[in-house]
Amino acid sequence: MADVLIMNETEATAARLGIDLSEVDYDSIRLPPGEDFGIISDDEEVYQDEQLELDSSFGNIVIVDNIPVVPREKFEKLEVVIRKIFCQVGVIKEDGIVMPVDPETQKTVGYCFIEYSTPQEAEVAAEKTNGYKLDKAHVFVVNLFTEFEKFMRVPNEWAPPENKPYTPGENLQKWLTDEKARDQFVIRAGTDTEVLWNDARQAKTELVFKHTYWTESFVQWSPLGTYLATVHRQGAVVWGGAATFNRLMRYAHPQVKLIDFSPGEKYLVTYSSHEPSNPRDAYMVVINIFDVRTGKVRRDFKGSADEFAIGGTGGVAGVSWPVFRWGGGNEDKYFAKLGKNMISVYETETFSLIDKKSLKVENVVDFCWSPTDPIIALFVPELGGGNQPARVSLVQIPNKEELRQKNLFSVSDCKMYWQSNGEYLAVKVDRYTKTKKSTYTGFELFRIKERDIPIEVLELDNKNDKIIAFAWEPKGHRFAVIHGDNPRPDVSFYSMRTANNTGRVSKLTTVKGKQANALFWSPAGRFIVLAGLKGFNGQLEFYNVDELESMATAEHFMATDVEWDPTGRYVATSVTSVHEMENGFNIWSFNGKLLYRILKDHFFQFLWRPRPPSFLTPEKEEEISKNLKKYSKKYELEDQDVSMLLSEQEREKRRMLKEEWDKWISDWKRSHEEEKLERQKLRDGEASDEEEEYQAREIEVEELLDVSEEVLSEF
């Protein structure tokens, strides 16, 4: 009917204009570009319909190809299998699985559509389940529904890729060649993230790079300082460069919450957890291990949060973090995860279990790697009400040979501490007294590098003292222990060597009554900061362990963190946003001199940039140490130049202040002279401004303001 009306209207218009429609060649009519005069063609209606469909959000749908072809009676069973596989990476909507059916055979056609709650879940599903092997004949090919246009554009004929000329990459270690031998650090305050030089000689910072909204949660340096990682909703990103920070690689992992680098920076571990559709179910966890340089996923792990919650207390949603602990030093050969009654150890050549099976250890609750060697220290608590003692074992990887074992009795708790060179292992053992009503603490000290790994027992002078903190000297043979009762516990220092080298641990000294609850050794050893954080309000003591004497005491009120720079020359203390006031950081010298202080509102993070190990041999380091005076002459001259420069700057500052003062005096005198006549007028014509030429007299002036008379009546 509408078509008839339009045609009648057209004929009437043609008659009015004197046009014979029978002589009009409609095919020759061409409308101006972009103009349709309100007339919509059939083709355009189809096109618009298609556009409306494409504009609808299909980002949460994936297409799964190569599923089994089954008859109708097996539809439900196949859907259950597919749902079980694909619900592990996200929440599938109700009726969210659609399997097209061949109308002739009434069988599935070998692919299906799966609709997730969010596009992020669909992206994870496409990435994680592509290549999933259901059986020998059915290996899934999974793609996002929104990617079909990309596949339609694939040319029918293969063309060789374009050869691009090689361009050398940036020197990511150039920052180590700084002429002033300075260190960098990163801070986060408010929405800004800044990388700065620590210019301690000038008592200030120097900006390297600044970015607003650089990360959505936190930043993290890689262990050797090559990369800076940022965390985003879509995944993680690493940055680096010679002169500034460029984006080097992205790692797609939607809703990532935590990251961890391997010690040698070869791999990046990312973690995310996803809320289940059923509140009674556990959170679903996705862990990816990426190759840092290529950005490719080398291995992924998926499961419920309960499967990753064994051992440790860090992380989120009840999951310990890091889930995987790296071993074998900086070579990144092995990584391991604690499980129920087992430790799963993987090798990075194939990212599979060593010998295709886990290390079975009944009731194991904790383990840790040697920092330098493929040796695992593990702890098993008492079983059977004490009938089977607790034990600490050392296991060699990859042959899984037990190197040493120590049985422990009446154990309440156990903590293991490796020395940074892997030479010693300290096991702090809390034991029950005979009455089982209290505990006391001792140490089992393993000498890893010595023959048969001898073990020595150490008990404090007062074995009932509570152990507050323990720390090994980096690359050294000494350790420190805070013990006793708050608010003023004692700090004791011990050595694994003695003057006669008898192989016995010896106490060096005990300092009494220190307001300290944390120990921070210099990375170079020798010096230590005894810190009183949290309830101790930021008390600091800088202690020289070589001389066994205090170098300085100080306070950074409400300090939450203490961190040495990687060279052991400077210490940073900071107050983060857990406190509302005094946010910012202080930079101190190794001997406790405050160099400068910077306040920052909403201060979140302070991290020194790590340095890679030195290329110098131990012999060369020893030679430099012996001839330090010869090598230090150059730097002493530089220090003198800096001191002279600072003195010159200070003199210039004073000169400018004096000039400013003189200018103010000159302006005041000129103004004073200009107001001379006005002052003379106020003094009734007296010309002199000198007070000594005038005599002060007190004059009383009485003035009658009002007189009133009132008549009072008589009673």
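Colleague: Why is Cys368 called buried?

Modeller: This is a predicted model. Cys368 has a relative accessible area of 16%; buried means under 20%, and therefore Cys368 counts as buried.

Colleague: What makes Cys112 buried?

Modeller: Its relative accessibility is 0%. That value is under 20%, so Cys112 counts as buried.

Colleague: How do you know that Cys368 is in no disulfide?

Modeller: The nearest cysteine sulfur, that of Cys414, lies 9.2 Å away. A disulfide requires sulfur atoms within 2.5 Å, so Cys368 is in none. By this rule the count comes to 0 disulfides.

Colleague: Which residues of helix H4 are buried, and what covers them?

Modeller: In H4 (residues 119–129), Glu121, Ala122, Val124, Ala125, Ala126, Lys128 and Thr129 are buried. Their cover includes helix H3 (75–86) and strands S1 (61–65), S3 (111–116), S6 (141–144), S16 (284–291) and S17 (297–304).

Colleague: What makes Thr118 a cap of H4?

Modeller: A side-chain oxygen of Thr118 lies 3.2 Å from the backbone nitrogen of Glu121, at the N-terminal end of H4. After H4 comes Gly131, with a positive phi near 90°.

Colleague: Where is confidence lowest, and where is it highest?

Modeller: Helix H2 (residues 42–55) is lowest, at a mean pLDDT of 39, and strand S10 (residues 219–221) is highest, at 97. The mean pLDDT of the protein is 86.

Definitions and conventions. Residues are numbered from 1 along each chain as its sequence is written. This is a predicted model: local features need pLDDT of at least 70, side-chain atom pairs count only at pLDDT 80 or more; totals for chains, interfaces and linings use all residues. Side-chain values use heavy atoms; hydrogens and water are left out. pLDDT is the predictor's confidence in each residue, from 0 to 100. Helices (H or I, at least four residues) and strands (E, at least two) are DSSP runs, numbered from the N terminus. Buried means under 20% relative accessible area, exposed over 50%, partly exposed in between (1.4 Å probe, protein chains only). Contact means heavy atoms within 4.5 Å. A polar contact is a pair of N or O atoms within 3.5 Å; within protein, one must be able to donate a hydrogen and the other to accept it, and residues adjacent in sequence count only if both atoms are side-chain atoms.
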